[in-house]
Amino acid sequence: MNTEQVGILSAILIYLVAMVYIGFYYSKKGGGDSADEFYLGGRKLGPLVTAMSAEASDMSSWLLMGLPGVAYMTGIADAGWTAIGLAAGTYLNWLLVAKRLRRYSVVCNTITIPDFFSRRYRDEKNVLMCISAVIILVFFIPYTASGFKAIGTLFNSLFHVDYHTVMIFGAIVVVGYTVMGGFMAVSTTDLVQSIVMSISLVIIVFYGITVSGGWDKVMENAGALDGYLSMSRAHNMADQTSSPYGILNIVSTMAWGLGYFGMPHILLRFMAISDEDKLTTSRRIASTWVVISMFVAILIGIIGYSVSVAGRIPLFASGSEAETVIIRLAGLLGGHGFIFSVLAGVVLAGILACTMSTADSQLLTAASGVSQNLMQDFLKLKVSHKTSMLAARLTVIGVALIAVFLAWDPDSSVFTIVSFAWAGFGASFGPVMLFALFWKRSNYYGAVAGMITGGAMVFIWKYLVRPMGGIFNIYELLPAFTVACAAIIIVSLLTPEPDGEIYKEFDSVRK
């Protein structure tokens, strides 16, 4: 192992040890001693941790791998409109949902999203809770798999070590600090990880511009490609042509923003803040960070192409290859001596941060779905606190094992996996959450109809309708979200209205 590799590995190992230590620290502070502490941190998060842990758990490996890869291959249109939709969705989620969900969850005395749905609609049989928990498992497993896949790709691309071995090692680290410290460990590590991600973005942008020959050279190379810098055309790297990026494409792509209203691991942060009045500060921090980080991620894709033209890294031919652009740039940076190799290690730790900050939150949410919602609330199993916590930790391990299996193929695309899971949550939970918070006439039957319809339509549209092409070639979240909203409205109006107690509770939260 040469000096450069020692520097890179040193930075990564320091980062990994720090993450595990945080888990150990909160395990000693009682982070896993009760369900409220393990799943929601006892509602003690401050505004900074709330904001940054929410956004770090949101972005995943998609930020430093998926988004730059899309920008590299197709130019700014697809990646740009996606980023605009996500930025709008982030802001609206914090503005509209955060405070009311925090207040409503306290009134209903709930610590998980499935639990909130059931208590909001007085679902005595906990059917909504069961459906929600199953949806969480179905869509979080592939989402978590995308994170583990990113870990394997990172070390395989840089050190040419076995993809499967390092993927499993990364999964063990994530599972380790999650099962030890619970929600507070996950949220604190997410804050640290968001800082590492930010540093990584800054380092790689300035280095990439330098290697390319300067900013003017980057723009010259990008401008030479047909439609590459246009928001109304998409470039095709295979044949060096472009095609129109019309209104339908724009609306479909911006629909990514709708997904925020249904993301359990993000919504939980709203419920966990210590004071709802602090959410305004959190919103400002989160919205600013999201806009800047996505802009820089797209810029990295464009800069990466220019570095390829300069002959410093390969010219990528596929989306899965292009997703390694930041890894290649980090490897290039590490070749300039020990100090630069440490900086490269920080960049690579940033990729790990993106991955781990999402995977840990998803694993914890899945654990609550099985241990708290399915076992105790739906199946009515009388278990001790110790058994409940054991079930939660075993669920984390079980979900991680299945995710590792799904991520076994090193040629799978991070962006593709994440987009499907994102659509699943956005369509299944998003409409139900919005109507639960803002329409008091919505009822239990409408919520069940909306949740099932939204989740089913994601599969139907992606695998049966979208392959037809033409006007049907739109992101599955948009039609699924629309159909779910319609189902909630129609079914709620056709079935008995909620009782007076539910109306009274709704009005008290609104005021």
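Contact, for this tour, means heavy atoms within 4.5 Å. Keep in mind that what you have open is a predicted model.

**Stop 1: Ala484**

Select alanine 484, which sits in helix H18. Is alanine 484 buried or exposed? Its relative accessibility is 0%, so it counts as buried. Now show what surrounds it: skipping neighbours within four places in sequence, alanine 484 is in contact with Ala427, Pro431, Gly450, Thr453 and Gly454.

**Stop 2: H17 against H18**

The handedness of the H17 and H18 crossing is right-handed.

To see who does the touching, show side chains on both helices. On the H17 side, pick Tyr445, Gly446, Ala449, Gly450, Thr453, Gly454, Met457, Val458 and Trp461. Facing them from H18 are Pro479, Ala480, Val483, Ala484, Ala487, Ile488, Val491 and Ser492. Colour this contact by class and you'll find 12 nonpolar residues, 5 polar ones and no charged ones.

**Stop 3: H4 against H10**

Move on to helix H4 (residues 76-108) and helix H10 (residues 264-272), whose axes are 8 Å apart, with a packing angle of about 60°. That angle makes H4 oblique to H10. Here, too, you can check the handedness: the crossing of H4 and H10 is right-handed.

For the contact itself, select Asn93, Trp94, Val97, Ala98, Leu101, Arg102 and Ser105 in H4, then Ile266, Leu267, Phe270 and Met271 in H10. By class, the H4 and H10 contact has 8 nonpolar, 2 polar and 1 charged.

**Stop 4**

Not counting residues up to four places away in sequence, leucine 101 touches Ile113, Phe116, Leu267, Phe270, Met271, Met433 and Leu437.

Which residues touch the most other members of the largest nonpolar core? They are Leu63, Leu101 and Phe148, in a core of 152 residues. Highlight helix H7 (residues 163-212) next: with 17 residues, it supplies the largest share of this core.

**Last stop: the second core**

Finish with a separate core of 5 residues, which includes Ala77, Trp81, Ala234 and Tyr245.

Notes. Residues numbered from 1 in each chain as written. Predicted model: local features only at pLDDT ≥ 70, side-chain atom pairs only at ≥ 80, totals over all residues. Heavy atoms only, no water. Left-handed = near helix turned anticlockwise from the far one by under 90°. Helix = DSSP H or I, 4+ residues; strand = E, 2+ residues; numbered from the N terminus. Nonpolar A, V, L, I, M, F, W, Y, C, P; charged D, E, K, R; others polar. Core = buried A, V, L, I, M, F, W, Y, C linked by side-chain atoms within 4.5 Å. Buried < 20%, exposed > 50% of the residue type's maximum accessible area, 1.4 Å probe, protein only. Axes fitted to C-alpha atoms, helices over the stretch in contact; angles between N-to-C directions. Parallel < 35°, antiparallel > 145°, perpendicular 65-115°, else oblique.
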